[in-house]
Amino acid sequence: MVSLDVIQQLKNSGLTGRGGAGFPTWKKWQIVHDEKKFPKYVICNVSEGEPGVHKDEYLLDHHIDEVLDGILAAGEYIQAERAYIYLRSDLFLRFKKNIESRSTRTPLVCVKEEGGYISGEESTLISVIEGSLAQPKIRPPFPTQKGLFGKPTLVNNCETFYVASKVLQKTYTHTRLYTISGNVAHEGVFERSDTETIADILKATGNMPDFDFFVQVGGGASGPILLSSELHVPVPGSGAIIVYDRKAVKPFELLNSWVDFFMQQNCDKCVPCREGLYRISEMIKKEKIDNDVLQDILFTLMSTSFCPLGRSVPVPIITFIEKILYAKNTAD
Amino acid sequence: MPKTQQTNVRCIIDGKDISVAAGTTILQAAKKTGIPVPTLCHHPDLPVSGSCRLCLVEIEGRDGLFASCTTPVEDGMVIRTASESISRARKINLELLFAQHTEECKDCVLQPNCTLLSLAREYKVPIARFQDRKKDYPVYQFGPSIQFDSRKCIDCGNCIAVCKKQGVGFLETKKHKTWHETMPSADKDKDCVYCGQCIVHCPVGAFEAVGEFEDVEQCLSDKSKTVVFQFAPSIRSSIGEEFGLPSGSIITEQLVGAIKALGVPYVFDTSVGADVTTIEEAGELVERLESGERLPMFTSCCPAWVRYVELHHPKYIPNLTTVRSPHIILGSIIKQFWASEQKLKPQDITVVSVMPCTSKKYEITREELFHGALKPVDYVLTTRELAFLLHKKRIDISKVKKQHSDNPLGIPSGAGVIYGASGGVMESALRTAYERITGKKLAKLDFTDVRGQKGIKRARVRINKKTVNVAVVNGLGNIHIIFDELAKNPHAYDYIEVMSCPGGCIGGGGQPIPTNQKIREQRAQSLYDIDYATSVRTAHENPFVQTLYAKFLSEHASELCYTTFSPSKKDKPKIIL
């Protein structure tokens, strides 16, 4: 029973989705496998749109065969009619030929991403491949049940397929990819143990700053801010570590860069994300934050946004304001 | 598709034990139980969008809030529709909505039924914390029919969804700088047909018909003109809603009384014009059935449908019946026949049509309908506009003195009244065509197969030894089904009625808001009730119409009752503010 073996191996590996949400990979594969409807599809998500995250691009540059092996293994396991590789536009231009020229048992089709960061969200990318507006879909139904063109669809991040391939080749050594950037000596993507702490990663890569600093981890827009004293934990989310020089940082510029990113890259569908972000950006641009208003909007973003993008907005803002902005003010 | 076995799930909402079919959303379950949950973007005609984030609820054991419109009930769920967090989130989201919506409450058609305003009051929303985000946004005008004030738009997407559902796709969302904006399409192959469904599906009054009530008010004070009103079949069972009456209330005589209370001396019933349309259209149908030419024949009294054909499917232009629509015919009869009886000059008469429709505002501008410089109809008021005018003059239609429409053009057959419901034109024409072909009276006048709210209705009618295949398209978005069938078999049908608005004119773009399936059913049923209660139920048996033909129409029908069509191009939307 080859297929049982696939699930068992994924289960034993403990692999969870590397796009940031962390859903158990074996479970996703099994649900799609067990769906009775056909055709089925596999989608590999290489939209990678968040600042400070470059791991998927790195994988296509250095390990494209393993990534495609993972996709094809999934395709075979769920009996997919086709596998789509959903690529950020520059990656689409660079890799389409290479990928589509391969003769594979499951045909591989490259699709160019439209609509920015939001279109990396799994139900949104399905809308884009279907030719509709880049907006997230109502869940349930989940893509595993009714995904692309209403058919069972397995959507995984590029790194997830890369790791799945290593698991099935029995070469997986519990590593993951970290993108390190910012005020560091050695920017880049590093493959290291998935349990390593942020402090250890920075040290091992020769990137531990010798100045007063803080980091943003996970993703360069949605990730939380951690102080230099809080680095004895593993990296969450998409594996980004961005180092900031605390003295050099201009707080409102940094806040603005996040809020601007979300405002430009969201879909404008739901009220808190469309209007709430705008009102936060108004305050940041005036460098005058009314804390009541801010708390109100962050509350509604966190608790009422349609999709994970809106719900992720408060994290960097709250942690930055609490740990850096207000801390700085009291220190002054 | 085989029906899957329906299972029920149980949940508790605000302490009430409720059992609903699996797949039911929390919002549906709450509404079914009479538990109020505020909504703004939700419209039962449209797919759920979940954009306004007001219908929030809490689910025990789960973090955060959930939009009840997108969350299906699961077995054993314990749901709360009120809590401090829920109120706080609703209040903030309302405030954010309010801050993008530029209030124009004084002139707004939604007054006094504005959900946004009443929710703002209920949740004590502070209105002054933010500046209106959209205050410098444009106001668009589409043809002579519709205005889109994008300063009021809350980006819920209902207009885009309904425009797509109509098969028109003129409204779309487009990224412009930071925002995805709702706007008219720049695609030269996509144009507005003026059906006005965007208006009745907009929760905040951003869409409205081009107002003509000010012109009408001016005419009423101009003593050199004789102002004559006519009202469409469907108004009698819909306008009551604007005055708090239950939907479907039949108030024909109050309607006449109310219009007269505005100072209008003469009020006629467009259903009489419908009787004339029926007689002529049945005649044309019989001719085409005998010659076999230009079949299937399509109805053409819906100007949005006509525009759709002229824009996108000109090859079907020869198939449209050339008979004019009821209010245009009645307008000409008023200005030419009735005027001479009254010893009035046609140019001294102003005809105002009260219509359920926004595309009728466009129809009256079609020059092929003019008699020289004389327009059959001068102004079109929508149902809402007339109600607005009555409210303004403090005339309460539910309390006004009942009056009959004026003779000799005031008493229609039952067939003329059912014109307002989808299938009504077809049924009226069949009643008359049958008797014309067979020379016999119909044993049963009711063609129930063509009634109701289904998107496509088909029937086979035996007339003598021939089977006449008919279809009714209820909602413009369904026409592609018939076009596909005709592409395969051009002889699939002999006669096809098309009404752009769902439910026909009772669901028109000029009708009271809200309009939804249940309300459409009630408005339509009332028209059929009137038909049943009327002694004359066929157009050709209407004695008033018979006299009209004897005195005038037999001689003039060819010039007053027929029109032409031609291929048309996109009319670019204008920015008027």
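How closely do the axes of α10(A) and α2(B) come, and at what angle do they cross? The legends below begin with that view. This is a predicted model, in which local features need pLDDT of at least 70, side-chain atom pairs count only at pLDDT 80 or more, and totals for chains, interfaces and linings use all residues. Residues are numbered from 1 along each chain as its sequence is written, while chains are lettered from A and ligands numbered from 1 in the order in which they are written.

**View 1. Helix α10(A) meets helix α2(B).** The two axes come within 9 Å and cross at roughly 110 degrees (axes are lines fitted to C-alpha atoms, for helices over the stretch in contact, and angles run from 0 to 180 degrees between N-to-C directions). The helices α10(A) and α2(B) are therefore roughly perpendicular to each other (angles under 35 degrees count as roughly parallel, over 145 as roughly antiparallel, 65 to 115 as roughly perpendicular and the rest as oblique). Look for A:Asp296, A:Ile297, A:Phe299, A:Thr300, A:Ser303 and A:Thr304 on α10(A), and for B:Ser85, B:Arg88, B:Ala89, B:Ile92 and B:Asn93 on α2(B). By class, this contact has four nonpolar, five polar and two charged residues (Ala, Val, Leu, Ile, Met, Phe, Trp, Tyr, Cys and Pro count as nonpolar, Asp, Glu, Lys and Arg as charged, and the others, Gly among them, as polar).

**View 2. Chain B touches chain A.** The contact takes 27 residues from chain B and 24 residues from chain A (two residues are in contact if their C-beta atoms, placed from the backbone, lie within 7 Å). On the chain B side, α2 (84-100) and β9 (179-184) each supply at least two residues. The largest share of that side, nine residues, belongs to α2(B). Its classes are 12 nonpolar, 10 polar and five charged residues.

**View 3. Helices α9(A) and α10(A) pass each other within chain A.** The axes of α9 (residues 271-285) and α10 (residues 291-304) of chain A come within 10 Å and cross at roughly 155 degrees. That makes α9(A) roughly antiparallel to α10(A). Residues of α9(A) here include A:Gly276, A:Ile280 and A:Met283, and those of α10(A) include A:Ile297, A:Leu301 and A:Thr304. The contact of α9(A) with α10(A) divides into eight nonpolar, three polar and one charged residue.

**View 4. Strands β2(A) and β3(A) lie in a parallel pair.** Five bridges link β2 (residues 82-87) and β3 (residues 108-112) of chain A (helices, H or I of at least four residues, and strands, E of at least two, are DSSP runs numbered from the N terminus; two strands pair if DSSP finds at least two bridges between them).

**View 5. Four strands of chain B form an open antiparallel sheet.** The strand order is β10-β7-β6-β19. At the edges are β10 (207-209) and β19 (574-575) of chain B, each pairing on one side only. Three bridges join β7 (residues 146-149) of chain B to β10(B), and B:Gln147 stands opposite B:Glu208.

**View 6. Five strands of chain B make an open sheet with mixed pairing.** Their order is β2-β1-β5-β3-β4, and the edge strands are β2 (16-21) and β4 (66-67) of chain B. Strand β3 (residues 56-59) of chain B runs antiparallel to β4(B), with two bridges between them. A handy landmark is B:Val57, whose bridge partner in β4(B) is B:Phe66.

Key
Left-handed = near helix turned anticlockwise from the far one by under 90°.
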